[in-house]
Each structure stands twice: as structure tokens, then as C-alpha cells.
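Hi everyone, thanks for coming. Let me put the structure up on the screen, and then we can walk through it together.

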Amino acid sequence: MSKLNETIRNAAEAAASAATAVAEKAVGTAKDVYDNLGEKVDGVPTGDGRIAIPGMDQEGERLARDKVENDTLVRESARGGSAEGPDSSRAGRRTSYDVADFPKISGKEEDFRFTPVKRLKGLHADALTGPAPAVTVDSDAVRVETVGRDDARIGSAGIPEDRVSANAWSSVTEATVLTVPQEAEIAAPVVVDIHGTDATPAAQHLVIDAQPFSKALVVLRHHGSAVLSQNVEFRVGDSANLTVVTLQEWDDDAVHASAQQARLGRSASFKHVLVSLGGDLVRVTPSTRFDAPGGSVEMYGLTFVDAGQHLESRLFVDHSQPHCTSRVTYKSALQGENAHGVWVGDVLIRATAEGTDTYELNRNLILGDGPRMDSVPNLEIETGLIAGAGHASTTGQLDDEHLYYLMSRGIPEDEARRLVVRGFLFEILQQIGVPDIEERLRGAVQDELASANH
């Protein structure tokens, strides 16, 4: 390696390290507070020191709402909501397989307040009669079936949580089920190619079933052109280990709404990596639920939003079982006029989820004037008996100190900017674990940067 290349590599690593220092400091501060809480049993504070969240009693936050109407204080339960509309708590959100159970979308709803509803092209309101994108699987190590919607596995990992997802459920007549056999350990990535060729609004349903004690990495690659509402279910059996990489590499005119729900068995491990680069409007809503203790989930996301694009990620981690772990890290870069990124991270720790350990982080880089980023981390806690919980969100422009560090070593400003952005984003790409895909996506990100001369 030449001396110049080594300097560039070291500078990029230093810039990436500096960019994460604030988040690491926040985590360290939270850990110091937690470590000083006193005696612990199985990692959970006990006695007077067992309250992990300041301001909470030992039963946890009641998640009630106070509001004033006509000088009268009204107290409403987080479970039932009010007569005026559903409550904002994820614990009480409506779920249904029937699209008729959801009201028409106006854009004022919590789930759609950042979404340009008109750009959904009817996915929320019209019959989805178009042909779904073709699905091909390149592995003989898994079983692939096309089944009717009455198959017992359909709907077993999750119920639609919004009108768009329910409309897709109501419209599909069949689904693709990919099964990783029990105790199978599949070394090679299983690539599921999803190729769209038609702009007529369509629905699609996929199920990935990782049976107990199995291990696999599945890549869902979306590309081509489509107007698609999609439900994807991940069933992760007891002690199974499933990694899913979902790539949104659509053409510029594509519209894609994808509800991706996972359900984890005892001591199961699930890793979900989302990369959204293409499309006109892409809205992915990953959710994870635990069916038994001991499960762990990692959720990573990368979006690069160009001029005029709307790329949205809304995730939910539902901790209802004790001694489960979740980690969420999402990053976005935005450039160009009317580039709009959205990240909403909901984590719910129910009263039964003692010993939960969770942290979510969202970080966003604004490259120049014109883009808009909405970032909303939400953490609901119903018990104080937890191992740890926290969240953080930062949005800003490139740090002049990072640029100065690189430029002082002879790197031109334009190249220094690209190095900082690459170092910022490539942390997520490294989570994919498939070298050729990582390399291709690194090239795609570099092309995006070069096109805007950052």
C-alpha cells in the first residue's frame, strides 16, 4: 500500500472514530450511573438501588397522559387512548388483518405524519391488482414454497399495524415461504432477488422461517421498478441465529412500503440490516417481538437520500419477555433540494420484561442546503427492573475539525468531505457480512457522493 493510501485510510478511520465519540460518551455516562445503583441480582439492581430510570417508581412509569380541557385536568390511560383517537403508546396501537379496520389516511396520524401520502400512489387506498415483483432464490440449502394465504405460517410472525400493510394483506392471494431447516447451518448467503417490472400498484407477502437451532444469512434485494406494498415475516425459532439484509436499490420512480415483522423464540438471535438507496418513496417499518426469554436483536440501517427522495424507516422493538437484549443503530446522509429522511425508533419495555437491556442510536449527516431530516426516538418503560435503557439522536453538518484534520495531512477538501461521509456510513455496511455486496454498496455510496461533488 502506498504511503498516500495509508494516510487516507488512517485519516478516514480517525474521522469515523471522532464522529462516534459523543455517542460513546453518552453510553459510558449512562453505564456509570447504572453501575453505581447498588446491589444486583442477575445483573438487575435490587433494593433501594434497583430503580434504573430516574423519576420512576419500582413498578415503572404508568404511561398515562395528562391534558387540560376547558380548565379541567383529564387523565387518560395509555392502553385505551381517548374518544378523540388512538393513543400514541405503541402498547395500545391497533392491529388487524382487515384493511376496513383502519381509518382512511389523512396524513395527520402518528404513523404517517412525516409521509407524503399522495406519493404512495394508492398503496393505502386502492385495490392492489398489479403483478408483484418476481421472486427468485439462488440457494438449494433452503426450502422455497409458494403457498395460499390460508397457510398457517402466514400471519404467524405479525399482524398488520397500519392501513398500508393491511391493504397488502387483504390483496394478496399467495405468499413465498423460505424455510431454513432445523439445525442447518448455511455458510453461503441466501440471496432472494425481488425484481419489479410493472408500475401498477401491487401487493406481496414473504415469510422467512428459521427453524430451531438453525443459522443463516438471507439477503432480500429489491430492484427494478414497482409500486409495491409488502409484508415480510421472520420467524426465528428457539436458539436460531438469523441475519437478514434488506436492500432497497430501486429505480428512481419506484414506490415501496414494506412492513417487516420478526418474532423470536427462546435464546434466539436476530440481526436486521437495512440499506435504502434508490426509489422515489421508500418506507420500511421493521418490528421485533420476543416470545420467550433470552432473545437478542441487532438492528442496523443506512439511508442515502438524494434530491427529491423520501426515504423513511420506522422501527419497533417490543420487549415483553425478561432478560432480552436489543441494539439499534441507524445512520443517514442527505443531499440535494427536498431530500427528506425520516427515522422513528420505538422501544417498549413492558412490565413483564425485567432484566431488559436496550439502546437505540440515530445519527444523520446533512450535506449542504436543501435536505430535511426528521428523527424521533421513543422509549416507553413499564418496569424499573431493567439492566439498562437509553436512546440518542443527532443531526448535523460535517464537522470542520474533522475536515481540518484531513486537510492538514495534504488531502484536498472535496476528497476530505467524501472520506468523512464514507467513514460515517461504512460502519453500517460492515455489518452486512457479505464482502461482494459490501463492496458494491460502497461503490454506490461513492457514486452518490461524487455526483453531488461532496
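I'll call a residue buried when its relative accessible area is under 20%, exposed when it is over 50%, and partly exposed in between, using a 1.4 Å probe and protein chains only. Helices (H or I, at least four residues) and strands (E, at least two) are DSSP runs, numbered from the N terminus. Please keep in mind that this is a predicted model, where local features need pLDDT of at least 70, side-chain atom pairs count only at pLDDT 80 or more, and totals for chains, interfaces and linings use all residues. Residues are numbered from 1 along each chain as its sequence is written, and side-chain values use heavy atoms, leaving out hydrogens and water.

Let's begin with helix 3, residues 163-171. Seven of its nine residues are buried, and these are R163, V164, S165, A166, N167, A168 and W169. The cover over them includes strand 8 (190-210), strand 9 and strand 11.

Strand 9 comes up again in the largest nonpolar core. By that I mean a set of buried Ala, Val, Leu, Ile, Met, Phe, Trp, Tyr and Cys residues joined through side-chain atoms within 4.5 Å. This core has 51 residues, and L220, F234, L242, F270 and V317 touch the most other members. Its largest share, eight residues, comes from strand 9 (residues 215-236). Apart from it lies another core of 32 residues, including L398, L403, L406 and I432.

Now find V297, in strand 14 (residues 296-305). Buried or exposed? V297 counts as buried because its relative accessibility is 2%. Contact here means heavy atoms within 4.5 Å. Setting aside neighbours within four places in sequence, V297 is in contact with F270, T288, F290, V317, T325, S326 and R327. V297 and T358 are 61 residues apart in sequence, yet their C-alpha atoms are 9.5 Å apart in space.

Last stop: helix 5. How far apart are its end C-alpha atoms? They are 24 Å apart, which agrees with the 24 Å that its 17 residues (413-429) should span at 1.5 Å a residue; the expected span is 1.5 Å times one less than the number of residues. Helix 5 also bends by about 30° at G423, the bend being the angle between axes fitted to the seven residues ending there and the seven starting there. Twelve of the 17 residues of helix 5 are buried, among them G423, F424 and L425.
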